[in-house]
Amino acid sequence: MTQPAKKSRRNMLEEFLATHPQDAFARYGLAMECANQGDSDAAITNFEKLLAENPNYVAGYFQYGQFLARLSRTADAKRTLGHGIEAARRTGDQHAGSEMEAALAQLPAS
């Protein structure tokens, strides 16, 4: 007898989001999984959806900004980190705000 194939983390997150589309943590996890797998288009889609629906999801801005920087999309990374700094201020997350300020300062000038 053949055992069923084990589902990947990405498959599990996609299935979960199909039934819980508003779950921000799962959307963040899927965006990160796609980024780690090198599926840039899916990562971007999921980060964009996460932040559009959850504008105070501070960790999403930080990870998305770093991801965009790795893709050499410096202007987009700067804009994303800037929005993240604003979100960190709104939510009182000084630690994340200072981390994003440091990440922003390390990006090359446009």
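**Exercise 1. Find which residues tyrosine 64 touches, leaving out those up to four places away in sequence.**

Step 1. Tyrosine 64 touches Ile44, Phe47, Glu48, Leu51 and Thr80, once residues up to four places away in sequence are set aside. Contact here means heavy atoms within 4.5 Å.

Step 2. Before going on, know your model: it is predicted, so local features need pLDDT of at least 70 and side-chain atom pairs count only at pLDDT 80 or more, while totals for chains, interfaces and linings use all residues. Residues are numbered from 1 along each chain as its sequence is written, and side-chain values use heavy atoms, with hydrogens and water left out.

**Exercise 2. Describe the secondary structure and extent of the chain.**

Step 1. Count the elements: there are six helices and zero strands. Both are DSSP runs numbered from the N terminus, with at least four residues (H or I) for a helix and at least two (E) for a strand.

Step 2. Read along the sequence, and you get the pattern α-α-α-α-α-α.

Step 3. Now picture a box along the principal axes: the C-alpha atoms fill roughly 60 × 30 × 20 Å.

**Exercise 3. Follow the salt bridges of the structure.**

Step 1. A salt bridge is a side-chain nitrogen of Lys or Arg within 4 Å of a carboxyl oxygen of Asp or Glu. The structure holds eight of them.

Step 2. Take lysine 7 and glutamate 15, whose side chains meet at 2.8 Å, N to O. Lysine 7 is partly exposed, at 45% relative accessible area, and glutamate 15 is partly exposed too, at 41%.

Step 3. Next, arginine 9 and glutamate 33 form a salt bridge at 3.1 Å, N to O. Arginine 9 lies in helix 1 (residues 9–19) and glutamate 33 in helix 2, so this pair ties together parts that are 24 residues apart in sequence. Arginine 9 is partly exposed at 48%, whereas glutamate 33 counts as buried at 15%.

Step 4. Aspartate 76 and arginine 73 also pair up, with their closest N and O atoms 2.8 Å apart.

**Exercise 4. Locate arginine 27 and find its nearest side chain of opposite charge.**

Step 1. Arginine 27 sits in helix 2 (residues 24–37).

Step 2. Arginine 27 is buried yet has no salt bridge. Lys and Arg count as positive and Asp and Glu as negative, with His and the chain ends not counted. The nearest side chain of opposite charge is glutamate 53, 5.2 Å away.

Step 3. Leaving aside neighbours within four places in sequence, arginine 27 is in contact with Leu17, Pro21, Asn46, Lys49 and Leu50.

Note on methods: Buried means under 20% relative accessible area, exposed over 50%, partly exposed in between (1.4 Å probe, protein chains only).
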